[in-house]
Amino acid sequence: MFSVTCIAPVNIAIVKYWGKRHEELILPINDSISMTLGTNELCAKTTIAASEGFQHNRMWLNDDELPVEEDSRLMRCLKGVQRLALANGSQKVSLSWKVHIASRNNFPTAAGLASSAAGYACLVYSLARLYGVPINEELTTIARQGSGSACRSLYGGFVQWHRGALEDGSDSVAKPVVSAQHWPNMHVLILVVNDERKKTSSTKGMQRSVTTSQLIQHRVDKIVPERTANLRKAIEARDFPSFAEITMKDSNQFHAIALDTYPPCVYMNDVSHAIVDFVHSYNETIGEVQAAYTFDAGPNACIYVLKENVAKLLAAVQKVFPNDATESVEYLRGITVSDTVEKHPAFNGTLNVQPKNLLKYIIHTKVGDGPCQLSDDDSLLTNGLPLSH
């Protein structure tokens, strides 16, 4: 039996991917750019074992077994990596052996926190390690067929997923913009409003938007090309104010497209809108743009902020969104804030205090690297079965 265990990161889109031009191959209608987050705080972990003695392909996600052969996306990823292994002459593990897969997320699944992107990126990366396939742009085309955004989680730092033009999707690949080391003080506060499964999945929402939104084509033709070019410049120059403006405008437009969809896809809620108001009021109070929100397909906010401004922003968040569990390690998760929030108490006037306990918890993370392989001691399988069995 051969096995590998790997972790892969979450990525949060800055210029959003929304809409497909080919459903099965998952080819997007526009380019997108994302930031990869640190795996210490948010990641998917996957163990894949291959054995001559396994009778069937099997998979467990968060300890629940899933029907592998009936999952077309999972099978496309498995067969796609095996096809690359055959083409590359990789004979590390026999391609005829069945595989057992165990995967876990250390964060809520399907709550708008890009769990599918991390999960499929981890699956494809782990399969590549198992079969000896190199990590390159071609591999991103396989990850894309599991979950579109997964292709961006195969790299660290800032990543652009190129729409491509070919019908077979071979040029729809993810490429790094800059590494995590280029802008190491870029941090994120994730304000978790709701970590339950969202009402309308991203897949269904995209399908509905492409067929019914009258705004989406203008976004594809005009807005996104300009934004991706300007965002790349802002990232390369480490220009936070420009980065922040593009980030917030694109988040707003994405949700405008969702609302222009018929029937509308409503992902943000009243707390989400209160966070938007808070960020703009905070920047106005500070006198410069120090925080930038973005919302994926869910109510949870990702607020970009430079490391040197994290404590000040966190103090404002805790003042405006008070919570009975503020001091709990379950409420404030992730990177410890070295500067004390008590140093930054003066946020009155324009910052209106909200009712208590609107936020479930806060995750503090930062720009991170791509996937990596762990040691055998980190395996989620023993004798081909999950550790919980």
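In this predicted model, the buried residues of helix 8 are Val310, Ala311, Leu313, Leu314, Ala315, Ala316, Val317, Gln318 and Val320. Helix 8 comprises residues 310–320 and is mostly covered, with nine of its eleven residues buried. The elements that cover these buried residues include strand 12 (186–192), helix 7 (270–286), strand 14 (301–306), strand 15 (332–334) and strand 16 (361–366).

**Helix 7 and its ends**

Helix 7 also has a set of buried residues: Val271, Ser272, Ala274, Ile275, Val276, Phe278, Val279, Ser281, Tyr282 and Asn283. Their cover includes strand 12, helix 6, strand 13, strand 14 and helix 8. How far apart are the end C-alpha atoms of helix 7? They are 24 Å apart, which agrees with the 24 Å that 17 residues should span at 1.5 Å a residue.

The N-terminal end of helix 7 is capped by Asn269, which has a side-chain oxygen 3.0 Å from the backbone nitrogen of Val271. Just after the helix, Gly287 takes a positive phi of about 95°.

**Strands 13 and 14**

Strand 13 (residues 292–295) is covered on both faces. Ala292 and Thr294 are buried on one side, and Tyr293 and Phe295 are buried on the other. Strand 13 pairs with strand 14 in the antiparallel sense, over four bridges, and a hairpin of five residues joins the two. Within this pairing, Thr294 stands opposite Cys302 of strand 14.

Elsewhere, four strands form an open sheet with antiparallel pairing, in the order 2-5-10-11. Strand 2 (11–15) and strand 11 (174–178) each have a single partner strand and stand at the edges, so one side of each is left without a neighbour in the sheet. On average, neighbouring strands of this sheet are turned by 35° against each other, direction ignored. Strands of a sheet pair through backbone hydrogen bonds, either parallel or antiparallel.

Inside this sheet, strand 5 (residues 32–36) and strand 10 (residues 158–161) run antiparallel and are joined by four bridges. Met35 has Phe158 as its bridge partner in strand 10. Helix 6 (residues 240–260) lies across strand 2 and strand 10, and runs at about 95° to strand 2.

Ala50 belongs to strand 6 (residues 43–51). Is Ala50 buried or exposed? With 0% relative accessibility, Ala50 counts as buried. Leaving aside neighbours within four places in sequence, Ala50 is in contact with Met1, Phe2, Val93, Trp97, Lys98, Val99 and Leu130. Ala50 and Leu130 are 80 residues apart in sequence, while their C-alpha atoms are 8.3 Å apart in space.

**Cysteines**

A disulfide is a covalent bond between the sulfur atoms of two cysteines. For a disulfide to be counted, the two sulfur atoms must lie within 2.5 Å, and the count here comes to zero. Cys6 is in no disulfide, and the nearest cysteine sulfur, that of Cys122, is 6.0 Å away. For Cys77, the closest cysteine sulfur is in Cys151, at 11 Å, too far for a bond. Cys6 counts as buried because its relative accessibility is 0%; Cys77 likewise counts as buried at 0% relative accessibility.

**Backbone geometry in two loops**

Most residues other than glycine have a negative phi, and most peptide bonds are trans. The loop between helix 6 and helix 7 holds Pro263, and the peptide bond from Tyr262 to Pro263 is cis, with omega near -10°.

Asn62 lies in the loop between strand 7 (58–61) and strand 8 (64–66), and Asp63 lies in the loop between strand 7 and strand 8 as well.

Methods. Residues are numbered from 1 along each chain as its sequence is written. This is a predicted model: local features need pLDDT of at least 70, side-chain atom pairs count only at pLDDT 80 or more; totals for chains, interfaces and linings use all residues. Side-chain values use heavy atoms; hydrogens and water are left out. Two strands pair if DSSP finds at least two bridges between them. Axes are lines fitted to C-alpha atoms, for helices over the stretch in contact, and angles run from 0 to 180 degrees between N-to-C directions. Contact means heavy atoms within 4.5 Å. Buried means under 20% relative accessible area, exposed over 50%, partly exposed in between (1.4 Å probe, protein chains only). The expected span of a helix is 1.5 Å times one less than its number of residues. A polar contact is a pair of N or O atoms within 3.5 Å; within protein, one must be able to donate a hydrogen and the other to accept it, and residues adjacent in sequence count only if both atoms are side-chain atoms.
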